[in-house]
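Trainee: I would like to go through the terms used for this model and see what each one rests on.

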Amino acid sequence: MGENESVAVYQLRWDRCWSAGVEDDHPAIAAFAQTILATAGAGRVLDVGCGRGGLVTELLKQGLDAHGVDVSQVAITAAQQRAPDRFICAAATSLPYPDGHFDCVVANGLIEYLDEADVPRVLSELRRICRGQLLVRVQVSAVVTEGDGRQVIQGRSWWEQKCFNAGFRKHPGYFDLINFESLNFDDDVILLALEAMPAVAGDAMHDSCCSTGIAADAELYKYHWAAGYVRPGDRVLDLAAATGAGSYLLSRRSEADTLYCVIDPAARMAFEAAYAAVEPRLRPTLAGAAPEVDFVAALGEPVTRGTLEGLLGSLQDGVSPGGRVLLSLVADGGDAAESWPVLQDLLPPGWYLEQAFSLLGGIPRGRGGAVRAFSPCGLESAVTVPKDAELLLVVMRDPLAKGFIYRESVYGSSDRPAEVLEFARDYRNPWLLRALVEFPFRARNPQVLADIARRVLGEPANEGAPDVAAALAVLGYQMLERQELAAAEVNALIRRMVEHLDRAIPSPHAVRWSISLRYLCASLLRRIGDLDGALEALDAVVAVDWRSFSPTIGTKIVDAAYEAGQLLAAAGRLEQARARWCMASEVAFEMLACGHEAYLGDSQQPQQFASIVGVELLDSATRSIKALRWSSPARQLPQERLLEQSRQCWKWMIRERTDSIASQARLLDQRWQILQSLDQMVSERDVAIRALEQMVSERDVAIRALEQMVSERDEVVQSQGHLIDARDESIRSMTALIDARDEALQGQADLLEARWKVMTHMDTEIAARDQIIASLNQKLGK
């Protein structure tokens, strides 16, 4: 069929479809639009096979420059009524747009309705007009219903390979959009998340970004997981970058400063064409040639317990304090291992273990096929991991390591609001900020945090420095999170905080910690029921002059004033409570009036965290404002609802949502433990089945051996039967011979008997003759 005939068939088919009044699936369209927004950003988008324009309309509503094309004039006529000049009637086999015209091309329910012969041609057209992302939703269900209309029914691997052949590769956000473990099976509708590959990419087409199957998925997923540990501004080293696919994913999914990639010289040209040309932060390098880095990915060839110490030893002087190494670990010799010792015990001195996970991918298992699985591992005791899994470890360089010159990495790419980021000036060890203090970036293992904090407190040189305050804050907030808390323990820690505040070396960051530690003291005192002490500590927070530091510390002051008012209101001292709430509101707006420089620095290179603080500051003030309104004598509202009303702010709602998520997480953990238990039962069942299979196999071998023996016996019996038959024939022949001989002997006997008779007769005759002769002789003699 020629192209014109093929287009005519498509037009007829889809005109009939849309004329029949097919309805848009609005929830699915809205969900797909959100996926596109997360992927395409603010670029120009084309929906190929747009139908009546539901998706284009949704994208326009979200602010994207969206367009649509469809082969059906019926559909396009309806779409143009929604958004004129946004739609064109054309076939996907020949799209009327210039090369690279769209940042994102999407297709929802299109390619599976093409004739199979047209699939490569349409995908090539999509590649021609696309300079960025391709998102495709495909129905792959093998169940075909009446009126289904699909011309191609294939699974994910088949469709992805067709897209790779057309010049696409997996999108860097592939695993943000598609759950790793969900790839073990195909849903009825799947999402293909791809991006246009540079035309000169060459051999890079054979790497994990352009390959289907479990092994490629597992390799890419390791880098997707690793990207979540890269801090903003990190210098990254990929020790086994291969063609650079994993390094590219790290660069696109993180705010790393530079990524040094140890590339095989033979693959360097492919790396530069496929990845470095797209991502300028990627730098090819040789092993050992990279500068000091903050993050190392050692995710290529897995290390073993025997080589782990050597690897970390080689990185000892090249990874900055608090820097991370993410590595893949297998049992010695690469054999499967189900039980591991306490993982921290595997590390040499100078390294902390933050987290550990088991990854299963591409290895056949007893219950059939190969599976993808990713799950956390415990750190406090011996670890049991699935058979044939590799362990992924997050290892942190000791943040107290000596001999490193501090450089600001996390906040270094933006302007510096006054005083807030002067870590090198005020701290004994400014590396502690990213390893111990800053929530998004610090160690994710509470035991590691506690150990670092205790070591900081045990160093006499830190006396009076903000380093001590940071360590005390870590231990104090960990204490607050505990279910069981002894008052004596709380009071001991508070005394230590008060001693530090009395001895603190004056500096802007000393002011910051004076506010934070006093607020923490109030929280601890409230926890053990010392409300008077808590009120005194909260009033002390409000009394600190924050102006020598920054208004970004203001949330603690505003919260302290609100909570002090809360305690006073509960004690029936409403006027004093209102005075605290009034103070909170006024201080909040005084802080907000400091100007954008105090929060953002240079507005052309703004700091992000400070703007978030500004939002929290106003949200904190909202609680006091609501409390003032509700407690106003002029309104005479029921005071028992005062606390409920004043809590209605974003911070409290987020806290409630966080608690809800934590509760759900606990349920998920319980479910995961049940699933692990079930998996263990299934594994044990698999072992039993394999044992039974072995027994059956051995029985089959024995039966086959017996059958062979029986067959050989039958052959011997048959041979013996032939011998017996031959012997019987011989006996019959011999019997016949004997009978013939007997007949001959009988004949001879008869002849002899006749001869005997003749001889007897002759003898009688001779005797008679002799008598006659004798008689004659006698007569003659006479």
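This is a predicted model: local features need pLDDT of at least 70, side-chain atom pairs count only at pLDDT 80 or more; totals for chains, interfaces and linings use all residues.

Mentor: Residues are numbered from 1 along each chain as its sequence is written, and side-chain values use heavy atoms, with hydrogens and water left out.

Trainee: What makes β3 and β6 edge strands?

Mentor: Strands are DSSP runs of E with at least two residues, helices are runs of H or I with at least four, and both are numbered from the N terminus. Two strands pair if DSSP finds at least two bridges between them. The open sheet has seven strands in the order β3-β2-β1-β4-β5-β7-β6, with mixed pairing. β3 (87–89) and β6 (168–170) each have a single partner strand, so one side of each lacks a neighbour in the sheet.

Trainee: How do you know that β4 and β5 pair?

Mentor: Six bridges join β4 (residues 102–108) to β5 (residues 130–139), and the two run parallel; at least two are required. Cys 104, for instance, has Gln 133 in β5 as its bridge partner.

Trainee: Why is the pair of Phe 175 and Phe 180 called edge-to-face?

Mentor: Rings of Phe, Tyr and Trp (its six-membered ring) pair if their centres lie within 6.5 Å; planes under 30 degrees apart count as stacked, over 60 as edge-to-face and the rest as tilted. The centres of Phe 175 and Phe 180 are 5.8 Å apart and their planes stand at 70°, so the pair is edge-to-face. Both residues are buried, that is, under 20% relative accessible area with a 1.4 Å probe and protein chains only (exposed is over 50%, partly exposed in between).

Trainee: What makes Tyr 221 and Phe 374 a tie between parts apart in sequence?

Mentor: Their rings are 5.1 Å centre to centre with 75° between the planes, which is edge-to-face. Tyr 221 lies in helix α8 (residues 214–227) and Phe 374 in strand β15 (residues 373–376), so the pair ties together parts 153 residues apart in sequence.
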